[in-house]
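Student: Please take me through this model by question and answer, beginning with the backbone and then turning to the ligand.

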Amino acid sequence: MIERIQKLIEEVNALHAQNAEEVEALRIKYLSKKGEVNALMNDFRTVPAEMKKELGMRINELKACALEKINSLRDALQVAEVAGGDIDLTRTPYPVRLGTRHPLTLVKNEIVDIFSRLGFTLAEGPEVEDDWHVYSSMNFADDHPARDMQDTFFVEAHPDIILRSHTSSVQARTMERQQPPIRVICPGRVYRNEAISARAHCFFHQVEGLYIDKNVSFADLKQVLLLFAQEMFGTDTKIRLRPSYFPFTEPSAEMDVSCTICGGKGCSMCKGAGWLEILGCGMVDPAVLEANGIDSTQYTGYAFGMGIERIANLKYQVKDLRLFSENDVRFLDEFQSAN
Ligand code: PHE
């Protein structure tokens, strides 16, 4: 009986089939009720007890071989059918649903794109910074109240190491690396210790611009900002510069754009004013140039900085700042885009 089983195992291992019917015939021959395996099971009852263990194992082995062989013959036929059959493997696949870019990324990309067309290149710096790059090199005196104004986060046990509260630190990092002409645009995340609400968050995003060369004037700054505003919000957009103060620019200004909703007539978006504030700017203070190793008798420059959330709010009328960082897919799905 052992030899019969051995012969059957060899026979099973050598099986082949041309089509599904042949596979089914083999299944019936070996594995059905009246098949070879069951016939052996019947004979098994009559064998002496001391042979049962070995015979039982051999029959199980045969059964497993037969099952595996028949299944693999069936699979091979299916693969052959797919490859040569009715399925068109050259057909374009069903479209894969793409994710969406984050609205802040869309706005950042648009801002960077506009300035890169004006000749600005990208510069980046670390979010965990030292006091020098964020404040001292930017002309903030040690006891300057503006340091409080920016609600700095300190890294515990290191009063000198902080989370940057504005991207102006990248101005310093760029100037220490490079002599003029400098024309960079620096997007990045900044941190301020503020209670989280619909209108404030402990982190947000800015884009900084810096241009230093010979004979750079306030008129150059104004023209570049006008071009930016018109690219960003439409060609009818007007700008207005109001005097302001920043430690690192002199003179300094804040820029408004004509309301993106009412165009200047006055509406709830601009609270009747017709203007919306979007950025801070000014001529780089000569003290900043000197602190960063640039000769202020030869070079002048301008800088500007804006909040990406602010611009995104104006573009998409997002009422609650927290939506930008909560990753609610219902919100993110609103920003389908191709880029
Ligand atoms: N750093 C300023 C802020 O965070 C913005 C600014 C940048 C103003 C560059 C002038 C020039 O508010």
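Student: In which strand is the place of P251?
Tutor: This is a predicted model, in which local features need pLDDT of at least 70 and side-chain atom pairs count only at pLDDT 80 or more, while totals for chains, interfaces and linings use all residues. Residues are numbered from 1 along each chain as its sequence is written, and side-chain values use heavy atoms, with hydrogens and water left out. With helices (H or I, at least four residues) and strands (E, at least two) taken as DSSP runs numbered from the N terminus, P251 belongs to strand β8.

Student: What is omega at the peptide bond that joins E250 and P251?
Tutor: Most peptide bonds are trans. The bond that joins E250 and P251 is cis, and its omega is about -5°.

Student: Where does P181 lie?
Tutor: P181 also takes part in a cis peptide bond, joined to P180 with an omega of about 0°. Its place is in the loop between α8 and β5 (182–191).

Student: What phi does N215 have?
Tutor: N215 sits in the loop between β6 and α9 (218–233). Although N215 is not a glycine, its phi is positive, at about 60°.

Student: How much of the accessible area of the ligand does the protein cover?
Tutor: Polar contacts are pairs of N or O atoms within 3.5 Å, and a nitrogen atom of the ligand is 3.0 Å from a side-chain N or O atom of S168. Polar side-chain atoms of R192 and of Q206 each lie 3.0 Å from an oxygen atom of the ligand. Of the 330 Å² that the ligand has on its own (Shrake-Rupley method, 1.4 Å probe), the protein covers 90%.

Definitions and conventions
Polar contact = N/O pair within 3.5 Å; in protein donor to acceptor, adjacent residues only side chain to side chain.
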